[in-house]
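I jotted them down while going through the chains one after another.

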Amino acid sequence: MREEGKISALQAMVYQVSIVSATAILFTPAITAKHAKQDAWLSIIIACFFGSLQVYTAISLAKRFPNKSVVQYAPQILGTLPGKMVGFIYVFYFFFVGYFIQQEFAALMCSSYMPYTPSVVFMLILALLAAYAAYGGLEVICRVCSIVQTLVFATLALIFLLIIKDIKIWRFLPPLENGLRPILLGAIPPGGWFGETAVILMLYPFINNKEKAVKTSLLAVLILFITMEIVVIGAVGLGGPAETARSLFPTFNMARCIKLEALPILERQDALFMMVWVGGMMIKLTTFFFAGILGLAQWLNLKDYRPLILPSMAVMTALAVQAWENIAELFSFSGEVFPFTIILVNFIITGFLLTIAGIRNIILKNT
Amino acid sequence: MRKLIKKKLQDLLRNTINWIHQPAVERHDLDRIPIEPDLEINIKRLQEISGVNPDFIIRRFEIGGGIAEAAIVFIEGMVERGLLNENLLNPLMISYRPLKKRGPLLDQILRFALPMDVVRECDNLHAVIDHVLEGSVVLLVHGESRSLVLEAAGFITRTPEEPETEAVIRGSREGFTETLHINITLLRRRLKTPNLILENIIIGRISHTQVVVGYIRGLAAPKLVAEVKKRLQRIDVDGILESHYLEEMLRDQPLSLFPQAVTTERPDRVAANLLEGRVAILTDNTPFALIVPGEFVAHMQSPEDFYHHFILGTFIRLLRWGAFATSLLLPSVYVAVTTFHQEMIPSRLLLNLVAAREGVPFAIVLEALIMEVAFEILREAGVRLPRAVGQAVSIVGALVIGEAAVTAGLVSPQMVIVVAMTGISSFLSPSFDLAISIRILRFPMILLASSLGLFGVSTGLLAILIHLAGLRSFGVPYLAGLTPFHPDDWKDIITRAPLWMMRRRPTELSKRNQKRQVSGLKPEPPDLRRQGGRF
Amino acid sequence: MKRQVLLILVLFICFITGCWDLRRIEDLGYVMAMAIDRSSNEQIRLIVQLPNPRALGGGQRGGITPGASIDVKPYRNYEGIGPTMFDALRNISHESSRRLFFAQNHTLIFGEGMARESVGKVLDFLNRNVEIRPGLTMVFIAKGDPAKILDIPNPHSVVPALRINDIMLWRGQTSRFAPVSLSRFLETLSLEGQEPYAGVIEATPNPTARVKEGEKTAPQPSLSLRLTGAALFRGDRMVGFLNETETRGLLWVLNEVKGGQIVFSCPGPKDNKVTIEILRSNAKIEPEITEGGIIMTVKIREEGNLVEVEGPLDISKPEVIRELDRLHAEAISQEVMAAVYKAQELGSDAFGFGEAFRRKYPQKWKKIKKDWPEIFPSIKVHVQVDARIRRMGMISKPPLLGP
């Protein structure tokens, strides 16, 4: 494997945040509010704990093989064939989420900004940018992430400040109207998204101060938690749970709802948020795509992943184009199937690997 | 290392001379040609080398009224005549009478007869030629196989003037000139330390241009210095006429549009950068020095930021960032908003815009491109034309483009404002090179905006960002300070912190010697109470 | 190298074939106000108002005919009829040279006839469409023909739509009309314990319009556009209007009073009036369950400045002010009660009493929410007002009163 440069734990954290934030920002309020109604913000807290658990599992596994990625050591844990299969699941997971992101991106752009532009244009442009970033390698991706992510958060904070006067506390009342069940149900999708921070499984070998990785990974979850809380509180506090659940893109609605009689020039500036969010989506795709091709190269025992960039990008975009025929399909998938898929990979398979590795270790010690 | 350099240099020299005089002197010959005791032979050989050049002068005379035959060799116009006549020819020809038994004649001359400060000895002809070309006078004496090299360079030089490209309100009015040794003096005067190392490298097979690599020992990373020297020595061309020749050969990413070295005419800017641990490259015959590594942030800093109150400095920095964004984005955002995102314009402004646009025959994109190109033409014309005419042209241009085009309904007045704002903003950049890259990038951005709206603008920005993130200047990440993020450096990036707060040098540059000054320098009023209430 | 050429080619194709969504700024018709009504044949009748930018000044110098004549009407109203909203608005494109663009629209007017029937069918389009901003669009009910209301001339704010906006900006002057944003309208519609309300817009005769013979100045318009009161809904059907006083009563409870005047008789034998200007107010609903039924207590805190006293009242005395505070609180509570009675009569819980109940007693609410429309007219409402006069302008005693 070609040396990919080293990143600091802090940069890994930015990577972990970037891999989640863009879509989480956009879709959390609607999906969570659908079940949890006005208690959506409570769901996020529960999801945060679940997310921490997932990332902690992942990092405990990564710690056992500090110089290898999960695709490389899965055969070591499970034996060659099953190990390779599990490795492939990871690789496929990254690509799968990758083309899912492309679809979601095209869905938003086509629904709200450029309805007449074919969606493949958006997928292709996003893919090209991601490929360009992937050519730069891990260090470059981390740098781009940190700048774009800062902008995304700054914009989000600005929007929140502009709508804070219209957020009404009574929209969150009464708490726990229907008991805990809906809150737990609402916590599953964001919980799954939090689990995407388990990408640390791929990054761990490149971190140069590994001792800090646990702390920064949990910090990443915390940052994401704050972000999601902001968008959930903003969306529900502004429009009420029913409107939030009905909306396809509640966070964009939040930006569309900015109303300032004193400064009307700030109204209707949601396209600027779109601009920043495009960046967020781009880095999200890049992070998944990079993890995917890195894993694929490791899975195939290649020295360099770069030759894989264009072909896999082409395949991914092709998959994105053919998958999900309409937006209803896409959204029901993203709310009902997608979270479980990623929980399966990030939590269950990772936990399984960790358990087997632990058992192996015990057996090795005993013999 | 030094030996290597020497050898390389010798090679270079040899090659060059061979190249010039291929028919007259065989390869390798010149190196071996020692100075013969017989003056006639030496002169003959020199004449062979110099050919028919009329300014290559060999003046023959006799020392001390006929004691020995001698000759001086120099190039007319490169030496100071008065000095030559008063301090060399006068004593030697008229007043000097050699004493017997006081050693060889040349030594005697050196000790008693030559009231000149820098005199070197030299014993082969190629060195003689070399020195003569640099503006020295070489004295050959019959019967001696050595010669004396007298430094008497006196060609026309420009005195340091205020640099035109980097004028300041407050601060030194001195700028570099075309003469390297004056530039070095300007630099030495600002940094009086023996640790200011100025290493000489000669580049250009024909031009023999002196290039000086300057750095402060202990501040500049040795790896960086070595890398700079290595890259300089790689350059093997026939001539270096301007420092940009070097810049283009030194880049990490040769195809990138972004400047990877800071160019400046100001010695104080060079000094400030040397103090940060950077390396300066001074080239003879150009007032423009290069500073490497020239990462992005370095292009956004002007020396004047530090010559005013820090709040003004900060304000101007913020303004500069804003102007940077404006000059890159304003036309494209205008195009995007008016063709894709009309909802973003406040109602009344929108009606205004529509009213002005009605009847304008061109699409906004075309209007923008036409105006931008027209502006570039005007700007270029203003630079190239004779100064007196240039002014007239820019007035006519402004009138034609601004007034007539609007009145004729060819362009909308708003577009004129946009283009003018863009143009003016681009002048705020302290680095001309960075402004150039922005000028060029504006056009693809306009095209992107016209086909995909703000999404296109965003795409373009992301592509630029990815490109910049992958860029390095002499190994330093181009976006150093912004990312990899160093909170300490931010004081000097977005803002200009008070001097007593900036205790550290830029992180990526000076990993070894970070501390710039002692802490606790913040000035405070005297503690009057402790001093008994008065001074 | 080949790869780079290919890449450039792809990008070039993008540029060339792009512009799918391109719409030139001057080719759009910016809808500034839209009115929706039922047409005679039970179809949707949509009226949109497009301003004429050139007549509105601005770029007088641009254009083929610089300085276009002022006589051009500054706006044009289009009417489209169709079975659905989208069909109606696309029908307009047969007449309009410009594509309708709704993102600048701030005013949405429902005809009274349609509102009394139901507005539910068109709400979906209004919420679903990208261009329409529910948060920025204000909902009104037109008393009378909306086409007529949108065509009332005026020398300043010549475009009626923009005039409505400007009037709305000053709604704090009286707080006696109740504009509501479309998003709020939709939210209240989806709430079980609250019914929507909307502003009312009407054309009133202009009493100052008199044209004397031989006078050269242009006549004043004979009609005025007036925002007045509120319309109450039950579900998506309008059930009735509140007059201006009652409207402020509603707005007190909804916490939407931004200012305005309160007039009441001052103590004393004669019917002299005192006027207070409202500075700020805050209201809270506190539901209670008693044996006698549900009691809603509305607690209002208000602060105001005294701006006008008619009678010889020595208001420099704190005890007089205290008395005025009491009377002024009473005036507020009368306004609120008037609104409550009217709303109960109409059977529309625009105050959100049901919501307040749900928030406090979520479990009990589940049992009664079905019957809420029947319960609401019979609930008792108490109003507790804490009103304070803070300042009194530039003089203390009125000039009528000696020193």
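Helices (H or I, at least four residues) and strands (E, at least two) are DSSP runs, numbered from the N terminus.

Housekeeping next: this is a predicted model, where local features need pLDDT of at least 70 and side-chain atom pairs count only at pLDDT 80 or more, while totals for chains, interfaces and linings use all residues. Residues are numbered from 1 along each chain as its sequence is written, and chains are lettered from A and ligands numbered from 1 in the order in which they are written.

**Entry: the sheet in chain B**

I looked up the strand order and found five strands of chain B in an open, antiparallel sheet, ordered 6-7-9-10-8. Strand 6 (196-203) and strand 8 (262-264) of chain B are at the edges with a single partner strand each, so one side of each has no neighbour in the sheet. From one strand to the next, the twist averages 25°; for angles, axes are lines fitted to C-alpha atoms, for helices over the stretch in contact, and angles run from 0 to 180 degrees between N-to-C directions.

I then checked one pair: strand 9 (residues 279-283) and strand 10 (residues 289-292) of chain B are joined antiparallel by three bridges. B:V279 has B:V292 in strand 10 of chain B as its bridge partner.

**Entry: helices across the sheet**

Contact here means that the C-beta atoms of two residues, placed from the backbone, lie within 7 Å. Helix 7 (residues 180-190) of chain B lies across strand 6, strand 7 (209-216) and strand 9 of chain B, at about 10° to strand 7. Helix 8 (residues 222-234) of chain B lies across strands 6, 7, 9 and 10 of chain B, and runs at about 170° to strand 7.

**Entry: who touches chain C**

How many residues of chain B are in contact with chain C? I get 29, meeting 26 residues of chain C. Helix 13 of chain B gives the most to this side, with nine residues.

For chain A, 19 residues are in contact with 15 residues of chain C. Helix 9 (residues 213-246) of chain A gives the most there, with four residues.

**Entry: chain C itself**

I noted 12 helices and 15 strands in chain C. Its C-alpha atoms fill a box of roughly 90 × 70 × 55 Å along the principal axes.

Notes: Two strands pair if DSSP finds at least two bridges between them.
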